[in-house]
Amino acid sequence: MTTEPALMSLTSVAQAIAQKQVSSREATQSCLDRTAQWQPRLNAFMAIEAEAALAAADAADADLAKGNNRGTLHGVPLAHKDMYYEAGKVVTCGSRIRRDFVATTTSTALQRLKDAGTVRLGSLQMAEFAYGPTGHNAHYGPVHNPWGLDHITGGSSSGSGSAVAARLTFAALGSDTGGSIRMPAHFCGVTGLKTTVGRISRAGAMPLSQSLDTVGPLARSVEDCALLLGLMAGADPDDPTAVTGPVPDYSVATTGSIKDLTIGVPTAFYVDDLDSEVAAILDATMAVLKREGVNVVQVELPDQRQLSAACQLVLAVEAAAFHKRWLIERPQDYSPQVLMRLQNGLAIPGVTYLEAMRWRGPALAAHLAAVAGVDAVIAPVAPVAAPTIAESDVGNSPDAEAVIQRLTRFTRPINYLGLPSLAIPSGFTRSGLPVAMQLIGRSFDEATLLRIGAAFQRVTDFHDQVPKLA
Amino acid sequence: MTRPTPKEISAIAAVAGVPVNAEVATRIANSIGPAFEGFAAIAGTLPFDLEPAAFVVVQAGKASK
């Protein structure tokens, strides 16, 4: 066992606490110690609740001493993207508008993790209203990448990616509407799971786009993501869009063999205009999977640019509708870039929006037909590793949308189709920046992605690399 | 389907209850224009009976390998 509990995986620390090899206080103090070192450099936390966290950890230890184990994550300290409502807590959503907003309810996803016994460390930074892919935040400052402090984390789950990578929290909730879990996972070198639309309840999570929003974890391994998904997934009377079917045993799925599975690599779009190092890492990832017995074949997908365009139309309109009241009453309280992006939704006629929504079914059917011969599709999360904070600080310039389009190019089509996608650390550039590949599955088939991802992580150690404090 | 002009955007935004000035309308036109162009091949081609709920139906179907 490592001497620093914060360096353990979520699964390992949960087991160690349950077996009284590590106390919740030790695990919590270890995370807080690392946070004290890293936070001034990363700006990953929105709020650090050290005193309350240690008190909760002591209570967890006392419960365990009395034989009262609250659940799978008894005493495990976690922090999450600051958009998950917790009754009595300020939830800023990364915004000035909600700087003092105190939630009166607790989100279902968060409650299910609390019911499993977690301890709250605080809350994590994010893009303003989750509407930005870089990690910049005009109100609270940019979040920095622990692998290169001058580089972006990706967004919108910027604090989640940064904090998990630096081992300040064992895992964190993110949200993914256009790539907001997978991009921080890619840029920060952690594992991130974008779930199928409907897999996890969104009740009590700040909305951005009701058709596209998904809840999911960023963690240190596929095994950890599987554990969290199993705890959060399932029906919820507070969110009728959460599907009612049985929840598979995702942790068991991670133990399965991948021999004779077939993975498709797209013939176009996801392999076009890649940075050479990203392209080489894609090839190396496929070589590892082949060695593990996977068949890799080429797949011809429908036009992904049309999917991306439809995603933009849906997202822009739904975000503008959610924000309309504040667009009228408090436009000055948005950062210029987020205001600009919200205003985009005003320009789209209702008929166009509904056409984009009506096409979703046929588009998904066409995709499923195209991938009928494979178990998953592999693609880069982004064509490049993390750009610098300075070069991607586009503000409200006319080039802003072009920069955003490039970063989100490989993620948006998946959001439009509502599919699950697992981002797995797959290598590093020569300059030491992480690169991830995404495994894209069928609707509600997260289990196959977790199975492939876990097998990959059993024979690679990219996910175990820990950034060093400069 | 073509991208909306700044003049059209001004009108749509005003009807939506969030009027924008000419400069913002121009910026929006440049920003959202590519999405209109990307979706142009689909717009106006969908069959009459297709509902948005078709997505949920396809999603819930068991797609076999």
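**Reading burial, salt bridges and a chain contact**

Visitor: Why is Arg34(A) called buried?
Guide: In this predicted model, Arg34(A) has a relative accessibility of 7%, and because the word buried applies under 20%, Arg34(A) counts as buried.

Visitor: What makes the pair of Arg34(A) and Glu4(A) a salt bridge?
Guide: The closest N and O atoms of Arg34(A) and Glu4(A) are 3.0 Å apart, and since the cut-off is within 4 Å for a nitrogen of Lys or Arg and a carboxyl oxygen of Asp or Glu, the pair qualifies as a salt bridge. Arg34(A) sits in helix H2 of chain A and Glu4(A) in the segment before helix H1, 30 residues apart, and the pair therefore links distant parts of the chain.

Visitor: What makes Glu86(A) and Arg120(A) a salt bridge, and which network do they belong to?
Guide: Their closest N and O atoms are 2.7 Å apart, and as the limit is within 4 Å, Glu86(A) forms a salt bridge with Arg120(A). Both Glu86(A) and Arg120(A) are buried. Salt bridges that share partners join Glu49(A), Glu86(A), Lys89(A), Lys114(A) and Arg120(A) into one network.

Visitor: Why is Asp176(A) called buried, and what makes its link to Asn415(A) a polar contact?
Guide: Asp176(A) has 0% relative accessibility, and since that is under 20%, Asp176(A) counts as buried. The side chains of Asp176(A) and Asn415(A) are joined at 3.0 Å, and because the limit for such a pair of N or O atoms is within 3.5 Å, this is a polar contact. The side chain of Asp176(A) also reaches the backbone nitrogen of Ser180(A) at 3.3 Å.

Visitor: Why is Ala53(A) called buried, and which residues does it touch?
Guide: Ala53(A), found in helix H3 of chain A, has a relative accessible area of 0%, and because this is under 20%, Ala53(A) is buried. Not counting residues up to four places away in sequence, Ala53(A) touches Thr28(A), Val119(A), Arg120(A) and Leu121(A).

Visitor: How do you know what lies between chain A and chain B?
Guide: The size of an interface is often given as the accessible area lost when the parts come together. Between chain A and chain B the buried area is about 3,200 Å², of which carbon and sulfur atoms give 68%. The count of salt bridges between chain A and chain B is zero, while nine residue pairs are in polar contact. On the side of chain A that touches chain B, the largest share, nine residues, comes from H10(A).

Note on methods:
Residues are numbered from 1 along each chain as its sequence is written. Chains are lettered from A and ligands numbered from 1 in the order in which they are written. This is a predicted model: local features need pLDDT of at least 70, side-chain atom pairs count only at pLDDT 80 or more; totals for chains, interfaces and linings use all residues. Side-chain values use heavy atoms; hydrogens and water are left out. A salt bridge is a side-chain nitrogen of Lys or Arg within 4 Å of a carboxyl oxygen of Asp or Glu. Helices (H or I, at least four residues) and strands (E, at least two) are DSSP runs, numbered from the N terminus. Buried means under 20% relative accessible area, exposed over 50%, partly exposed in between (1.4 Å probe, protein chains only). A polar contact is a pair of N or O atoms within 3.5 Å; within protein, one must be able to donate a hydrogen and the other to accept it, and residues adjacent in sequence count only if both atoms are side-chain atoms. Contact means heavy atoms within 4.5 Å. Buried area is the accessible area (1.4 Å probe) that two parts lose on being put together, summed over both.
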